[in-house]
Amino acid sequence: MVRPAPPPWETTDDRTGQRIVPETTHRADRHAGTRYGNRPTMKDVAARAGVGLKTVSRVVNGEPGVTPDTERRVQEAIDALGFRRNDSARVLRKGRTASIGLVLEDLADPFYGPLSRAVEEVARAHGALLINGSSAEDPEREQELALALCARRVDGLVVIPAGDDHRYLEPEIRAGVATVFVDRPAGRIDADVVLSDNYGGARDGVTHLIGHGHRRIGFIGDMPRIHTAAERLRGYRTAMEDAGIPVDERWMSLGTTSPERVRRAAQEMLGGPDPVTAIFTGNNRVTVTVIRVLAEQTRRVSLVGFDDIELADLLQPGVTVVAQDAAALGRTAAERLFRQLDGSLVAPERIELPTRLITRGSGELPPAD
């Protein structure tokens, strides 16, 4: 059977064999000659509605002085053309762009979800747009991202720092870019910072394990150069010292949070003639890997983790955690940022939010030996 020739507007992808049919253009008057790049302008709206540019401007900006019938015609033209107001000139006249930047450590980390959402909600309440990105724990990438946001004229920055030298932001701050650091302090500059009580939370978590009879307690944390990791290790050491328990260096392991590294550290602590009877984990990613390791053990091992994790209450036993309020961190930092923009703040401050010990069973197990 002879197949009919395809219509002239239909083509075939040589690589995939798929038929390609162009989408029918319903609004030829909007995009004459090209599909992209020709956004309708106020001049287009004025021509379609049969009015002057000033009249379109008044309707678009909600200004008085336009009759209901004229306003209706302009609005119909706007809807038909898909016109959107270009705010660039308007915001530049005001000196503000109604946008703020958020530099996160890792967009994939569940801890930053509620923090980012809280920043966004505060920004929205102030009529501002949030633009965020991830540094991937790379100081150079953090600097590149922060300065790229400044180049796009954001009014302020909320930064979860990856590096320990933030002097590169001094010219931007002097130029009026409001800046607040969250979760970790800024390095080598004076700036507002909102933190959790990492030291106190870790101390409370380890003290809780000691109170249930444990003496050989391991600590597995993040990279030691990271402020939160260092503070949580300090809390662990203080709790052990206050209880008069000498710390064996083999009970402590700091490094990347990769599952391979954490698994190896946990297995080393749980092996040998005098294994640990409990583990305190320094963050949520470490906790998840340690839970998997403990599931393979034949003996009972107690666990307390810093940061809550999803489904922690459904495991058997439930996972006892030191929880920090990520949403409160983000909300407090964003509110601080807009107070800077409003001119109601003078000197930088350090704000520390409390943590909360949530007992679910894993941290209340007595030593197995």
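**A sheet and the helices across it**

Reply: In this predicted model, strand E8 (residues 217-221) and strand E10 (residues 278-281) run parallel to each other and are joined by four bridges. Within that pairing, Ile 217 has Ala 278 of E10 as its bridge partner. Both strands belong to an open sheet of six strands, whose order is E9-E8-E10-E11-E12-E14 and whose pairing is mixed. Strand E9 (252-254) and strand E14 (356-358) each have a single partner strand, so they form the edges and one side of each lacks a neighbour in the sheet. On average, and with direction ignored, neighbouring strands here are turned by 15 degrees against each other.

Helix H8 covers residues 198-211, and its 14 residues reach 20 Å from the first C-alpha to the last, close to the 20 Å expected at 1.5 Å a residue. H8 lies across E8, E10, strand E11 (302-306), strand E12 (320-323) and E14, and its direction makes about 170 degrees with that of E11. The helix is mostly covered, with 10 of its 14 residues buried. After the helix comes Gly 213, which has a positive phi near 95 degrees.

Helix H9 (residues 227-242) lies across E8, E9 and E11, and runs at about 170 degrees to E8. The 16 residues of H9 should span 22 Å at 1.5 Å a residue, and because its end C-alpha atoms are 22 Å apart, the span agrees with that expectation. Buried positions in H9 include Thr 228, Ala 229, Glu 231, Arg 232 and Leu 233, and also Gly 235, Tyr 236, Thr 238, Ala 239 and Met 240. Where do the buried residues of H9 pack? They pack against H8, E8, E9 and E11, and H8 is itself a helix that lies across E8 and E11. H9 is followed by Gly 244, whose phi is positive and near 70 degrees.

Beyond this part there is another open sheet of six strands, in the order E4-E3-E5-E6-E7-E13, and its pairing is parallel. Strand E4 (129-134) and strand E13 (350-353) have a single partner strand each, so they stand at the edges with one side left without a neighbour in the sheet. Neighbouring strands of this sheet are turned against each other by 15 degrees on average, direction ignored. Within the sheet, strand E6 (residues 178-182) and strand E7 (residues 192-196) run parallel and are joined by three bridges, with Val 180 standing opposite Asp 192 in E7. Helix H6 (residues 139-151) packs on this sheet, where it touches strand E3 (99-104), E4 and strand E5 (156-159), and its direction makes about 175 degrees with that of E3.

Is Glu 140 buried or exposed? Its relative accessible area is 66%, so Glu 140 counts as exposed. Between Glu 140 and Ala 162 there are 8.6 Å in space, C-alpha to C-alpha, although the two are 22 residues apart in sequence.

With residues up to four places away in sequence left out, Ser 116 touches Leu 102, Leu 130 and Asn 132. H5 packs with helix H12 (residues 326-341) at an angle of about 35 degrees, their axes being 7 Å apart, and the crossing of H5 and H12 is right-handed. On the H5 side the contact includes Pro 114, Leu 115, Ala 118, Val 119, Val 122 and Ala 123, and these meet residues of H12, among them Ala 326, Leu 329, Arg 331, Glu 335 and Phe 338. By class, the contact of H5 with H12 holds 11 nonpolar, one polar and two charged residues.

How values were computed. Residues are numbered from 1 along each chain as its sequence is written. This is a predicted model: local features need pLDDT of at least 70, side-chain atom pairs count only at pLDDT 80 or more; totals for chains, interfaces and linings use all residues. Side-chain values use heavy atoms; hydrogens and water are left out. Helices (H or I, at least four residues) and strands (E, at least two) are DSSP runs, numbered from the N terminus. The expected span of a helix is 1.5 Å times one less than its number of residues. Buried means under 20% relative accessible area, exposed over 50%, partly exposed in between (1.4 Å probe, protein chains only). Two strands pair if DSSP finds at least two bridges between them. Axes are lines fitted to C-alpha atoms, for helices over the stretch in contact, and angles run from 0 to 180 degrees between N-to-C directions. Contact means heavy atoms within 4.5 Å. A crossing is left-handed if the near helix is turned anticlockwise from the far one by less than a right angle, and right-handed if clockwise. Ala, Val, Leu, Ile, Met, Phe, Trp, Tyr, Cys and Pro count as nonpolar, Asp, Glu, Lys and Arg as charged, and the others, Gly among them, as polar.
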